[in-house]
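Hi,

Here is the structure I said I would pass on. Have a look at it first, and then read my notes below.

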Amino acid sequence: MRNNVLRILYPCIGAAIILLAWHYYIILFKVSVVVLPSPWAVAVAIFSYAHILLTESWITFLECIYGFMLAMCIGIPIAVIMTYSRVLNSMFYPLLVASQSIPKVALAPILLVWFGTGIESKLAMVFVIAFFPIVVDTATGLRTTSPELLELARSLQSSRLQTFFKIQLPSALPFMFSGAKIAVTLAVIGAVIGEFIGSNAGLGNLLLTANSQMNTALAWAALVILSVLGMILYAAVVLAERILMPWGHGSEEKH
Amino acid sequence: MDVNRASAPRGGLENSQPPLGRVVNAAKVFETGTAQSVLAVKDVSFEFRKGELVSLLGPSGCGKTTVLKMMGGLVPATSGLLELGGIKITKPYPGVGVVFQSPTLMPWRSVIGNVLFPMEVLGKNDAKAKARAHEILELVGLGGFENAYPRQLSGGMQQRVALCRAIIHEPSILLMDEPFGALDELTRLEMNDLLLDIRRVTGATVIFVTHSISEAIYLSDRVLVFSKRPAVIALRLEIDIAYPRTSKVRFLDKFTEFERKAGVALGVVK
Ligand SMILES: Nc1ncnc2c1ncn2[C@@H]1O[C@H](COP(=O)(O)OP(=O)(O)OP(=O)(O)O)[C@@H](O)[C@H]1O
Ligand SMILES: [Mg+2]
């Protein structure tokens, strides 16, 4: 009981210290609001621009969700195919890994040319950045299925489909969720990069616009909302994990 | 199967009965990619009759698991012949129950879900199967734990679930690979009696791998003592102690004599 209170209390105190330090730094050194708004100014901006922040974050939110879903829907089958086909695996897995040395940000202008300034280019950006952890973790999960369980299935003459759905997929689930947690965090980054490069909507775009108008408080407000968005998406994945894996939470099972 | 049905005690089967299965000059070489190949099993031959409990006893790494897996059709033999009911074993076949050294339960399934897994795969997961699952869980002392998840159980309880999973589909042959190896001595003794009970009521043929001399003797109709790798059979012991056996038999002179012989064959008794 006391421990639980402290667990919440300590981070709050930490946050308060940082906010106070921020606040007094601005007063003490007379920092211009254009350079760094005070925490209070950011809070005010959040409330006075609530409507626009909400509209824009909804757009970014959808970009993240759709892009993330796209990465899941394409990444998981690819991982499955690569675990089942040794040939395809040896043909494409090294390429997939090598492709990760491409700085994804550098792809953004190209994706813009291909997909235009609409939501498509953002989805492509989110997909490109979130795809890899999903494929790798799913493939790892499928490959590390307990050999004894597979032998049990064989001894029962289980069909490949049965083995896949009853043993391999559930075995891989904890890995898939740890991949999804990374992917969803990356998805927000992908969406913002997409909006930075070419867009007229979304939190990333709002941040850029506010910045160019020297409305630093609004830019910071957008930043705060972005991180809240990231937290909400992450929490959603954790929630899905708890619902789909009632037997224990991923990280515990894995390590 | 009716778990409570009493059946004739095993042991002392008439020798006139034809063997159910045969292993003839079985050998296994593992090709390990780049490194040189491993001769795991050199030459193993034995027969077993229906309802017998045969133990494969031997030092760690001598090839017992390999023989067991060959018998289950899970690993192909490099040479030699394995037969069951007159049919050559080349792949997994119906009517087998396997128990591994570790419980290997599915963490995502409840106890009852784990036990019913074979029935699901075999497409026989009906109300009768569920009733039977409850019945055998009761038998192994896990009544009331049906909906627990494996991680909430102790190692011994998990192994008992694995045992139930192995017998739920009423296999005629049980392949058990050091099923009690990871358990403490007390639980192991309990599990030994449980296994004998299960065999008595199901009449299943059991091939039992172990590296415990006393466990092998206590349980078996016959003990095959394996040499160090590559495996050959160093000694065959017909354990002519009547079933049902209770812990008392462990103190018989006969029992001690079997232990000594097996110990000598294993090179642990001078
Ligand atoms: N899949 C495999 N590939 C290569 N070598 C193997 C393989 N399986 C077993 N071996 C080798 O075969 C030998 C016998 O292995 P096996 O698992 O049958 O021994 P065991 O008697 O069951 O030992 P333990 O009591 O420790 O379980 C070992 O030396 C092992 O290294
Ligand atoms: Mg073994």
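A definition to start with: helices (H or I, at least four residues) and strands (E, at least two) are DSSP runs, numbered from the N terminus. The model is predicted, so local features need pLDDT of at least 70 and side-chain atom pairs count only at pLDDT 80 or more, while totals for chains, interfaces and linings use all residues. Residues are numbered from 1 along each chain as its sequence is written, chains are lettered from A and ligands numbered from 1 in the order in which they are written, and side-chain values use heavy atoms, with hydrogens and water left out.

Chain A first. Reading from the N terminus, its elements go α-α-α-α-α-α-α-α-α-α-α, which comes to 11 helices and 0 strands. The C-alpha trace of chain A spans about 75 × 55 × 30 Å along its principal axes.

Now to the ligand. Which residues come nearest to ligand 1? Of the 13 residues around it, they are B:Ser60, B:Gly61, B:Lys64, B:Thr65 and B:Thr66 (a residue is near if one of its heavy atoms lies within 4 Å). Helix 1 (residues 64–71) of chain B gives the most to this shell, with 3 residues. By type, the shell divides into 3 nonpolar, 7 polar and 3 charged residues; here Ala, Val, Leu, Ile, Met, Phe, Trp, Tyr, Cys and Pro count as nonpolar, Asp, Glu, Lys and Arg as charged, and the others, Gly among them, as polar.

One is 2.5 Å from a polar side-chain atom of B:Thr66. On the backbone side, a polar atom of B:Gly61 is 2.7 Å from a ligand oxygen, and a backbone N or O atom of B:Gly63 lies 2.9 Å from a ligand oxygen. Taken alone, ligand 1 exposes 630 Å², and the protein buries 66% of that (areas by the Shrake-Rupley method with a 1.4 Å probe).

Next, helix packing in chain B. Axes are lines fitted to C-alpha atoms, for helices over the stretch in contact, and angles run from 0 to 180 degrees between N-to-C directions. Angles under 35 degrees count as roughly parallel, over 145 as roughly antiparallel, 65 to 115 as roughly perpendicular and the rest as oblique.

- The axes of helix 2 (residues 111–121) and helix 4 (residues 155–167) of chain B come within 7 Å and cross at roughly 30 degrees. That makes helix 2 of chain B roughly parallel to helix 4 of chain B.
- For helix 4 and helix 5 (residues 185–202) of chain B, the axes come within 11 Å and the angle is roughly 15 degrees, so these two are also roughly parallel.
- Helix 2 and helix 3 (residues 127–139) of chain B have axes that come within 10 Å and cross at roughly 125 degrees. Helix 2 of chain B is therefore oblique to helix 3 of chain B.

Finally, there are cis peptide bonds to check in chain B. The bond from B:Arg229 to B:Pro230 is cis, with omega near -5 degrees, and B:Pro230 lies in the loop between strand 9 (222–226) and strand 10 (231–238) of chain B. The bond from B:Tyr243 to B:Pro244 is cis too, with omega near -5 degrees. B:Pro244 sits in the loop between strand 10 and helix 7 (253–266) of chain B.

Cheers

Key: A polar contact is a pair of N or O atoms within 3.5 Å; within protein, one must be able to donate a hydrogen and the other to accept it, and residues adjacent in sequence count only if both atoms are side-chain atoms.
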